[in-house]
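Opened a new page for this one. I want to jot down what I looked up, in order.

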Amino acid sequence: MKNWTSLILPSILGLVAGIGHGITSHHQQLPFSLSEQVVESVQVNSSFN
């Protein structure tokens, strides 16, 4: 049972954090979605190399 706890607890916390981020972004009317932010940050990091 301990093995399942180590998988389920982080999954639930990640899901709650993702939903919270989505709700916050929607209420603050941010111009970029989470996926667009990740793609933009990856492109900026690759341009420095």
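Checked burial to begin with: of the 49 residues in the protein chain, 2% count as buried. I'm keeping in mind that this is a predicted model.

The accessible surface of the protein chain is about 4,600 Å², and carbon and sulfur atoms own 68% of that.

Next, secondary structure. I get two helices and zero strands for the protein chain. Helix 1 runs over residues 2-27. I looked up its span too: helix 1 has 26 residues and covers 38 Å from first C-alpha to last, close to the 38 Å expected at 1.5 Å a residue. After helix 1 comes glutamine 29, with a positive phi near 50°.

Went looking for nonpolar patches. Trp4, Leu7, Ile8, Ile12 and Val16 make one of about 530 Å². Why the spacing? An α-helix has 3.6 residues a turn, so residues three or four places apart point the same way.

Note on methods
Residues numbered from 1 in each chain as written. Predicted model: local features only at pLDDT ≥ 70, side-chain atom pairs only at ≥ 80, totals over all residues. Heavy atoms only, no water. Helix = DSSP H or I, 4+ residues; strand = E, 2+ residues; numbered from the N terminus. Buried < 20%, exposed > 50% of the residue type's maximum accessible area, 1.4 Å probe, protein only. Areas by Shrake-Rupley, 256 points an atom, 1.4 Å probe, with all protein chains shown as cover. Patch = residues over 30% accessible without salt bridge, like charges linked within 9 Å, V, L, I, M, F, W, Y side chains within 5 Å. Salt bridge = Lys/Arg side-chain N within 4 Å of Asp/Glu carboxyl O. Expected span 1.5 Å × (residues − 1).
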